[in-house]
Amino acid sequence: MRCRILLALREAPAHPADLADALGVSRTRLSNHLACLRDCGLVLAVPDGRRTRYELADDRLGHALDDLRTAVVAVETDRTCVDSDAKDCCP
């Protein structure tokens, strides 16, 4: 769930209610995850009138998320494994 929140905030800052709706989770559950991400220093809570908007704490996090997604896709599509025949673990 926290990865999904970070990826959503990579696209644009958002209010918790909007994030909860977009991710299909309860506001309470989302709030708990946002608190954890905030305590870890990954997201910032920015006052926005009577509401609070969340955004990534540093633009470099967005770039790191993009790099990580690219690496995961590359690994996922390259299923060559030297032990695949012996261990019957890779398609």
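**Exercise 1.** Decide whether Arg 53 is buried, partly exposed or exposed.

*Solution.* Start with the cut-offs: buried means under 20% relative accessible area, exposed means over 50%, and partly exposed lies in between (1.4 Å probe, protein chains only). Arg 53 has a relative accessible area of 23%. Therefore Arg 53 is partly exposed.

This is a predicted model: local features need pLDDT of at least 70, side-chain atom pairs count only at pLDDT 80 or more, and totals for chains, interfaces and linings use all residues. Residues are numbered from 1 along each chain as its sequence is written, and side-chain values use heavy atoms, with hydrogens and water left out.

**Exercise 2.** Find the salt-bridge partner of Arg 53, and classify that partner by accessibility.

*Solution.* Take the rule: a salt bridge is a side-chain nitrogen of Lys or Arg within 4 Å of a carboxyl oxygen of Asp or Glu. Arg 53 pairs with Glu 55, and their closest N and O atoms are 3.4 Å apart. Glu 55 has 23% relative accessibility, so Glu 55 counts as partly exposed. By this rule the count comes to six salt bridges.

**Exercise 3.** Locate the two ends of the salt bridge between Arg 51 and Asp 18.

*Solution.* The closest N and O atoms of Arg 51 and Asp 18 are 3.9 Å apart. Arg 51 sits in strand β2 (residues 51-56), Asp 18 in helix α2. Helices (H or I, at least four residues) and strands (E, at least two) are DSSP runs, numbered from the N terminus. The pair links distant parts of the chain, 33 residues apart. Now check accessibility. Arg 51 is partly exposed at 44%, and Asp 18 is partly exposed at 42%.

**Exercise 4.** Describe the surroundings of His 15.

*Solution.* His 15 lies in the loop between α1 (2-11) and α2 (16-23). At 13% relative accessibility, His 15 is buried. The side chains of His 15 and Asp 48 make a polar contact of 2.8 Å. (A polar contact is a pair of N or O atoms within 3.5 Å; within protein, one must be able to donate a hydrogen and the other to accept it, and residues adjacent in sequence count only if both atoms are side-chain atoms.)

Methods:
Contact means heavy atoms within 4.5 Å.
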